Amino acid sequence: MLRRSLAILGLMAAAALPLPGRAADGPRRVVSLDLCTDQLLIELIPRERIAAVTHLAADASVSAIPERARGLAITHGGAEDVLRLDPDMVLAGPFGVRGTVDLLQRLGRRVVVVPQPQDLAGVRGAVAVVAEAVGETAKGAALIADFDRRLAALALQKRERPPAAVIYQVGGTVSGLGSLADAALAAAGFRNAATGYRLTRGGQVSLEQLLADPPDLLVLSSAPAEYRTALADNLRHPAVAVLRRQHASLELPWRHWLCGTPHIADAIERVAAARADLEARAR
């Protein structure tokens, strides 16, 4: 009898323990409704705790970790789609599927809306928010520490007037002040040349201005052949090709800097390497 009682107590104790890789108090079925929270979620919790990510998570044109997202269940953001998965937590961004988020909240579902970072401090904040929500604060702290280590390793020499760079996107849009891309340029040792252009209301710079006052480094948001649409014709314009032959340029796909995750360190390191090349040529 005593042996049987001890065996039952042992089974009860084992049942109370968290499964390997699972936080003791973390959600067990998490759905992400935003490309950026997809990537943070995949970094922070094991796959068996992810109920679904967006269909963009495995898209190599916009996701920094498409190979790690493959095989996960996907959602297109509809409320019915999410409810069918019966998650115990939903992660969302501040934009995109606002209607779905509102409905889920009205139904009493736990929804965590993660702020969209506009600077590098915001990247750390987004990691911390998601890590706390899923019960993985230690992993979140480790991600932030590695992010800071990579930035510190750049050890850039500060200049009174840094070289100028501009991130030139599909449709002629450039990344202006106060954006995450602007913060990435600054971290890589550049000033944002977009501040010297007269932009349209949509944040676009004319090709004439770009040619008349070219930056020290032209950063293309994607390879010219990647988007075969008329909207991306500006990247394939012959004048841009001439500009690239005469000045330093870099193709930096959106997947490296579109989201406010620690993966933006990849973009910063590549742009910083371009600055090192510029300085080497100048010497």
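# Pockets and cavities

Q: Which element gives the most to the lining of the largest pocket?
A: That element is α2, which contributes four residues. The model discussed here is a predicted one.

Q: And what is the volume of that largest pocket?
A: Its volume is about 440 Å³.

Q: Which residues are the closest to its centre?
A: The pocket is lined by 26 residues, and those closest to the centre are Cys36, Gln116, Leu258, Cys259 and Gly260.

Q: Which elements give two or more residues to the lining?
A: These are α2, spanning 35-44, and α8, spanning 180-187.

Q: How do the residues of that lining divide into nonpolar, polar and charged?
A: In the largest pocket, 16 lining residues are nonpolar, nine are polar and one is charged.

Q: Turning to the second largest pocket, what is its volume?
A: The second largest pocket has about 200 Å³.

Q: What lies closest to its centre?
A: Leu156, Lys158, Ala186, Gly189 and Arg275 are the closest, out of 13 residues that line the second largest pocket.

Q: How many of the residues in that lining are charged?
A: Three are charged, alongside eight nonpolar and two polar residues.

Q: Changing topic: how many cavities of 30 Å³ or more are there?
A: The count is two.

Q: How much space lies in the largest cavity?
A: The largest cavity holds about 40 Å³ of space.

Q: Which residues line it?
A: The lining of the largest cavity consists of Ile167, Ala181, Ala184, Leu185, Leu252, Trp257, Ala267, Ile268 and Val271.

Q: What about the second largest cavity: what is its volume?
A: The second largest cavity has a volume of about 30 Å³.

Q: Which residues line that one?
A: The second largest cavity is lined by Gln39, Val62, Ala64, Arg255, His256, Cys259, Thr261, His263 and Ile264.

Q: And how does its lining divide into nonpolar, polar and charged?
A: In the second largest cavity, four lining residues are nonpolar, four are polar and one is charged.

Note on methods:
Residues numbered from 1 in each chain as written. Predicted model: local features only at pLDDT ≥ 70, side-chain atom pairs only at ≥ 80, totals over all residues. Heavy atoms only, no water. 1 Å grid on protein atoms, 1.4 Å probe; cavity = no way out; pocket = protein on both sides within 12 Å on 5 of 7 lines; lining within 4 Å. Points joined across faces, edges and corners; volume = space filled by probe spheres on them. Nonpolar A, V, L, I, M, F, W, Y, C, P; charged D, E, K, R; others polar.
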